[in-house]
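Me: Please show the structure under discussion, and then let us go through the terms applied to it.

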Amino acid sequence: MCTTDHPPRDPSEATVSLTINGAPCTAFPNETILACARRHDIYVPTLCELDDIDHTPGTCRVCVVEIVQEGHEAPQIVTACNTPVREGMAVATRSKRARDMQRLQVELLMADHLQDCATCIRHGNCELQDLAQFVGLKENRFFDRTRTEARPIDQSSPAIVRDMTRCVRCQRCVAICRHHQKVDALVLEGTGLNRVVALRDAEDYPSSLCVSCGQCVLVCPTGALGERDETDRALDMICDPDLITVMQFAPAVRVAFGEEFGMAPGTNVEGQIIAAARKIGIDVVLDTNFAADVVIMEEGTELLARLKDGRRPTFTSCCPAWINFAEIHFPEVLPHLSSTKSPQQVLSTIAKTYLPEKLGVSAENVRVISIMPCVAKKDEAVRPQMIQDGQPETDVVLTTREFARLLRREGIDLKDMEPSAFDDPYMSEYSGAGAIFGTTGGVMEAAVRTIYAVVNGRELERLELTQLRGFEGVREARVDLGGPVGEVKVAMVHGLGDTRALVEKVLAGEADYDFIEVMACPGGCVDGGGSLRSKKAYLPLAMKRRETIYKVDRVAKVRQSHKNTQVQALYRDFLDAPNSEKAHHLLHTHYEARRRDLQHTVKEIWDDITMSTMVY
C-alpha cells in the first residue's frame, strides 16, 4: 500500500511535557509540533505537508508557530511540520506574531500564483483558497502578473495539464511520483521565484517517464496539476442531433462519485448516474462492467492457452498506466502481457460494431463517451492501436471530476436524481465479477471464478476468494484450478512502487508466478488518478469505496462473467467464441517498447537531495 499507516502508540510513551496555547500536553519523543497539536485537537494551518505520505518538507512555511524553549529567552518562529517537541517547550499557534507570519506566508505564496481563481479547475475546492480565508488575507501586495504568466503551462499530454502559474512548490507531486510510485518523472528545476516542477530529462510528456497514473494530480493542493478538460467536446457530441451518443461508466465510478454531491462516501450511485446521463441527453447508457465480463472471457481463455504452452507469467492488461509503465520502464515484460484490451476499449469497440447492428443505426454516427476514475484512460483512447480506420474506438474520456463539472454545468445535483436502471437489452447486464474490477485483486478473483468453471465444467463452490483480497502492496496466493491445470501461483500488486519491485524480481528469476494482476493506482480504480480529490489527505476513502464494490458483487443475481446472459448472446450472435478470429481482431491489441533511460549528473542528484531545504 502506498500510504503510510500510523498505528496507535502507547500513551505511556508520551514522556515529553510541554504546553500548547497555555494548556499542558504530553508528546512522544521526537514527535513534531504539528503531530502533537493534531493529537490534542489543536488546528495548525498547513499546505505543503501531507501526513499520510509522510511528506513534511516545510517549504510553504504556513504552519509557523511561536515557541519558547528552555534556555532560550526570546521566542522563536518555527515550522510546526518538521520541528520536534522539546521538554518544557511552550508553543503558541495563534499568537499575534504567529498569525501575522502565517498571513505573510500565504500572501507571499500568492505573489506569483495566478489570481484568476474563477477559471481554475480547483475553484471552490482549493487548499490555497482555504488558507487565504483562514489567515484573513484581504490584499496581495506582492502579486507580479507578468512574472507569473511567464511560467510554463504544459499541455503536451492527452491526459494531464501541468500549469506552473498555479504551482506553490509544495513538492507533493514530486514526492508521490518519486518515493511512492517510483516513476520519478517529476523534478524541481530552477531557483528562487523561477523554481518550477518540470519533467525529468524531457521537454514534453510524450518523451518523458510519465505513465499518466495521475497520482500527482490527486495530491496537488491547487490547480497546478489537473486532467485535460474535455467536457465541451462531450457536450458538442451530446448536443449534435445527427450523432448517437453512447456513455459508459466504470465499476469504480458508482462508488466514488456521490460524495461530490454531499452523499456519504462509498454510496452506490449507479441509478443516479444513469438518470443524470439521460437527463443531459445521452442516447444509450451502458456499463463498463459488461465489458469487464467480456474481458474475463477473453483474458481467461488466453491465460489457459498460455499455461498449456508453458508461457508464464501472464500479466493483466486492463490498466493503461501499467501498460505505459511496462512500455517505458520494463519493455522486457511486454511479451508476457495479456493482449486483451481494457474494459473501456472492449466496450467502445463493441458499441461501434455489434450495437449498431442490433439497433439498426449507422456505426459512423455513434460516439462513445467514457466516464472513468482514471486520467490514463485519456491517454489510452488516443493510442494508435485504439484507432481504427482513422476513427478512435473511444471518442471522449471524462474523468470522474470532469463528469461532476459537466453535471453542474447542466444544473444537475446528483442527490436529487431519482435512480434509474439500465434498459439496453444488449450491453448493460453485468455480473458481480465485473463489478469487482474496480478494486485491487478484483480482476484476479473474477478470472479465477470463470477459469475454474471452464476447466472443471462446474462452478467454484466458494466464490469469494478472501486469500486474493487485502490491501497489502503485494499479495500472492496458490489457487487450485483443478483438472489438467492444477494449482497456479498468482500475485496481485497495486501502486507502481510495489509493481517496480515485483517486476524486477520476476525478471531476475527471484519470483515465480503464473498470473499477475497489476493496478497502477494504490487501491485500484476506486482511487484512480481521475477520481475525486480529498483535501489534506491522499486516499482517505479507499476502504469505504472498496466495501461497496464487494457489496455490489455480493448482492448480484449473477456473480460469474460466463453466466452473464448478454455476454453469452454477444458470443453466440457476433463473436462466435472467446479468442475466436473475430474476437481476437476486435478485442485484442499489441504493445510497443518505448524505453526511456535516465542519466544524472552529480549536481542533479545533489539538487534533488537538498531540494526540500530551499527557502522560496
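Predicted model: local features only at pLDDT ≥ 70, side-chain atom pairs only at ≥ 80, totals over all residues.

Reply: Residues are numbered from 1 along each chain as its sequence is written, and side-chain values use heavy atoms, with hydrogens and water left out.

Me: Why are α9 and α19 called oblique to each other?

Reply: The axes of helix α9 (residues 288-309) and helix α19 (residues 565-575) cross at roughly 60° and come within 10 Å. Helices here are DSSP runs of H or I with at least four residues, strands are runs of E with at least two, and both are numbered from the N terminus. Axes are lines fitted to C-alpha atoms, for helices over the stretch in contact, and angles run from 0 to 180 degrees between N-to-C directions. Angles under 35 degrees count as roughly parallel, over 145 as roughly antiparallel, 65 to 115 as roughly perpendicular and the rest as oblique. The pair α9 and α19 is therefore oblique.

Me: Which residues make the contact between α9 and α19?

Reply: From α9, the residues F290, D293, V294, M297 and E298 meet Q566, V567, L570 and Y571 of α19, where contact means heavy atoms within 4.5 Å. By class, this contact of α9 with α19 has six nonpolar, one polar and two charged residues. Ala, Val, Leu, Ile, Met, Phe, Trp, Tyr, Cys and Pro count as nonpolar, Asp, Glu, Lys and Arg as charged, and the others, Gly among them, as polar.

Me: What makes α9 roughly perpendicular to α11?

Reply: α9 and helix α11 (residues 343-351) pack at an angle of about 100°, with their axes 8 Å apart. That angle makes α9 roughly perpendicular to α11. The contact of α9 with α11 has nine nonpolar, two polar and no charged residues. In α9, T288, F290, A291, A292, V294 and V295 take part, and they meet P343, Q344, V346, L347 and I350 in α11.

Me: How do you know that R306 is buried?

Reply: R306 has a relative accessible area of 7%. Buried means under 20% relative accessible area, exposed over 50%, and partly exposed in between (1.4 Å probe, protein chains only). R306 is therefore buried. The residue lies in helix α9, and its side chain reaches the backbone oxygen of H336 at 3.2 Å. A polar contact is a pair of N or O atoms within 3.5 Å; within protein, one must be able to donate a hydrogen and the other to accept it, and residues adjacent in sequence count only if both atoms are side-chain atoms. Not counting residues up to four places away in sequence, R306 touches R311, T314, P335, H336, L337, S338 and S339.

Me: Why is D480 called exposed?

Reply: D480 has 52% relative accessibility, so the residue counts as exposed. D480 is placed in strand β18 (residues 474-480). A polar atom of the D480 side chain lies 2.9 Å from the backbone nitrogen of G482. Leaving out residues up to four places away in sequence, D480 touches Y452, G486 and E487.

Me: Is K182 buried, exposed or partly exposed, and what of D184?

Reply: K182, at 37% relative accessibility, counts as partly exposed, whereas D184, at 16%, counts as buried. K182 lies in the loop between α5 and β8 (186-189), and D184 lies in the loop between α5 and β8. Phi of K182 is near 60°, and phi of D184 is near 65°. Most residues other than glycine have a negative phi, and most peptide bonds are trans.

Me: Where is there a cis peptide bond?

Reply: A cis peptide bond joins R312 and P313, with omega about 0°. P313 lies in the loop between α9 and β13 (314-315).

Me: Why is α14 described as largely enclosed by the rest of the structure?

Reply: Seven of the ten residues of helix α14 (residues 400-409) are buried, so the helix is largely enclosed. The buried residues in α14 are T400, R401, E402, F403, A404, L406 and L407. After α14 comes G411, whose phi is positive, near 70°.
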